[in-house]
Amino acid sequence: MDFRFSEDIEILRKAVREFVQTEVEKVAMEIEENDEIPEHIVEMSKEMGLFGLSIPEEYGGLGLDMVGKCAIYEELGKTHNGFTTLIGAHTGIGSVGIVELGTEEQKRKYLPKMATGEWIGAFALTEPSAGSNAANLKTTAVKKGDRYIINGSKHYITNAVCGQIFTVMAVTDPSKGAKGITSFIVEKDFPGFKVGAVERKMGLRGSHSAELFFDDMEVPVENVLGEEGNGYVNALKILANGRAGLAARNLGSCEKLLEHCMDYALQRVQFGKPIFEQQAVQHMLAEISMEIEVLRAMTYRTAWMTDQGMRVVKEAAIAKLYGSEVYNRVADLAVQIHGGIGYMRDYPIERYYRDARITKIYEGTSQIQKNIIAAELKREFSK
Amino acid sequence: MNMIVLMKQTFDTEEKIALENNDIREDGVEFIINPYDEYAIEEALKIREEQGGEVTVITVGPDRSESALRTALAMGADKAVLIDDEGLAGDEYGTAKIIAAAIQGREYDLILAGNMSIDNGSGQIGPRVAELLQIPQITTITKLDIQNGKAVAERDVEGNIEVIEAPLPLLVTAQQGLNEPRYPSLPNIMKAKKKPLERLTIADLSLQEDEVQSKSTVTNRYLPQKKAACRMIEGGAAEQVKELVNILESEVKGM
């Protein structure tokens, strides 16, 4: 057993931490106010290579293993979650499909420009009729010679506005249900592709989700990702792959909240002494600390198992579920410790509180994670 | 243009200093490149980008200093030299001697250093090295132009700017404002592992221990006195002003 990061990871992590804490934190309030990540921050993130976290070295990325990715995600979680989401959605669900399932031609065509952030990736599964019931897609793809004609729409698609490359799931054979779904690599410039209205969200400002419309959109056959009919399985794989990363992002946000809470509790004086001296406050802080350490252990064990090639379906679901639940509990306690100021928009606490909420919903709700855990239990115990 | 940058690993500016047996405690402490040295590194990299050449970073320090050198390599430096000072109670006199010995025999047009280290803050290393190498020096520069074997540097003096011209080879020390140091990119951090890092001892530099022995002794170390706790005044602007005036009247002497 060795719970230390390798020296390489420590150095990368430190570099990301410094960038995030000096540059991104400085504009966090501005992102919130303007609902826009300043261009220079996006540019600096590209120069730093943050967009290439999950892309193999031979395609211009960093080729980090899961532990390494999680260490970076943890640092990215310690600032504005809209920024975290831009990078997270691109390096996670927005690109891992091509990394894991793409042909050599597809990888060579798309990954180098995705690694530099010139092309930003997005993942397009969700539709109005297909949320947790992801197989209930209405978007269709009909093969016509050397291309597919895709019709339909998607919604709540993260990075839709800045995205260039979309992993799109569509029904190729309606008679086969989940096995009749295929995934495609779609470029923003394909004729018939349109980005619709930007959704107005509760949080994650600066990260824009929107509708997508496909109107007789033509996609060449070489842009089928994986095999025809495997789209649903592919989507589940892509989502499963990202779960430990989401847990790591949540871990980072929780750590940042603890930092805010400690700073505040030690300096805020009530009843003649810092509120930290009140046992009720100490207990809340102890709880936050406990949740963080448990989440850390869960996250990195899952990441480590992933790197060993072990089956992590259950562990990744637990990490995703636990991480988002913990983030919400910690954000709630953080508001409580801060009191009135925690509710004010001039202070970052309420922002984390709002941003935390989506983590129990996106990339598989908490309830879906429990379904996955239970299915794995059945599998384990039915041998 | 071959450039040598003198650098030092220091405590992170965010770290709290703690004393133990009259020594500064180092365990669990985050170390960084001395911020003034970062300006020196950045300036060297910028000059190399424009004019070509090679950037070598040199440090005298314990083993842990390797990570600072690696960071400099990740920023873009070509080569690094780490001179082990294990067991040497060096001060600026000794350290400058070691550095000068390490530089002698290397080809260089320009030596850059930070104006001072944020830990000891003596600001002596750059000037001492220039003296030992018998080359001109310009300290605390905020701008540097190198053209046709000649350097023109600017430095802040009492609210004015002094412009100084000097021939190469030259040693300059960097002041805040010289540039904005780049962040090492993650791919460059990975590549930095493969760049050459030379490890030397003073024996390799044909120096005897007594030649670099400290000329000064530290007799005592103590932390500055704690400032009184900060108090936040609350309420609307009018209430806050009233409260502040009350405090000034009742608690601050001489009002």
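The points that follow take up strands, a helix, a surface patch and salt bridges in turn.

1. The model is a predicted one, and the remarks below should be read with that in mind.

2. In chain A, strand β5 (residues 181–187) is mostly covered, seven of its seven residues being buried. The cover lies on both faces of β5(A), with A:I181, A:S183, A:I185 and A:E187 buried on one side and A:T182, A:F184 and A:V186 buried on the other. In a regular strand, side chains alternate between the two faces of the sheet.

3. The pairing of β5(A) involves two strands discussed here. Strand β4 (residues 165–171) of chain A pairs with β5(A) in the antiparallel sense over seven bridges, and within β5(A) the residue opposite A:T167 is A:I185. Strand β8 (residues 224–225) of chain A is also antiparallel to β5(A), to which it is joined by two bridges; here A:V224 in β8(A) is the bridge partner of A:F184.

4. In chain B, strand β6 (residues 54–61) is largely enclosed by the rest of the structure, because seven of its eight residues are buried. Its pairing with β1(B) is parallel and runs over five bridges, with B:V57 in β6(B) as the bridge partner of B:V5. Strand β7 (residues 79–84) of chain B likewise pairs with β6(B) in the parallel sense, over six bridges, and B:V81 in β7(B) stands opposite B:I58.

5. Helix α4 (residues 125–133) of chain B has B:G126, B:V129, B:A130 and B:L133 as its buried residues. Viewed down the axis of α4(B), these buried residues fall within an arc of 100°, so they line one face of the helix. They pack against β1 (2–6), α3 (92–103), β8 (110–114), β9 (137–147) and β12 (170–174) of chain B. The residue that follows α4(B) is B:Q134, whose phi is positive, near 60°.

6. Over all chains, the structure holds 43 salt bridges. One of them is formed by the side chains of A:E25 and A:K256, at 3.7 Å from N to O. Because A:E25 lies in helix α1 (residues 7–34) and A:K256 in helix α7 (residues 231–267) of chain A, the pair ties together parts that are 231 residues apart in sequence. A:K256 is buried, with a relative accessible area of 5%.

7. Within helix α2 (residues 39–48) of chain A, A:K46 and A:E43 lie three residues apart, about one turn of the helix, and their side chains meet in a salt bridge of 3.6 Å, N to O. A:K46 is partly exposed at a relative accessible area of 21%, and A:E43 is partly exposed at 34%.

8. A further salt bridge joins the side chains of A:R147 and A:E218 at 3.2 Å, N to O. Since A:R147 lies in strand β3 (residues 147–158) and A:E218 in strand β7 (residues 209–220) of chain A, the pair ties together parts that are 71 residues apart in sequence. Both residues are partly exposed, A:R147 with a relative accessible area of 29% and A:E218 at 33% relative accessibility.

9. Finally, salt bridges that share partners join A:R13, A:K14, A:R17, A:E74, A:E75, A:K78, A:E255, A:E293, A:R296 and B:E30 into one network.

Technical notes. Residues numbered from 1 in each chain as written. Chains lettered and ligands numbered in written order. Predicted model: local features only at pLDDT ≥ 70, side-chain atom pairs only at ≥ 80, totals over all residues. Heavy atoms only, no water. Buried < 20%, exposed > 50% of the residue type's maximum accessible area, 1.4 Å probe, protein only. Helix = DSSP H or I, 4+ residues; strand = E, 2+ residues; numbered from the N terminus. Arc of directions from axis to C-beta. Contact = heavy atoms within 4.5 Å. Pairing = 2+ DSSP bridges. Salt bridge = Lys/Arg side-chain N within 4 Å of Asp/Glu carboxyl O.
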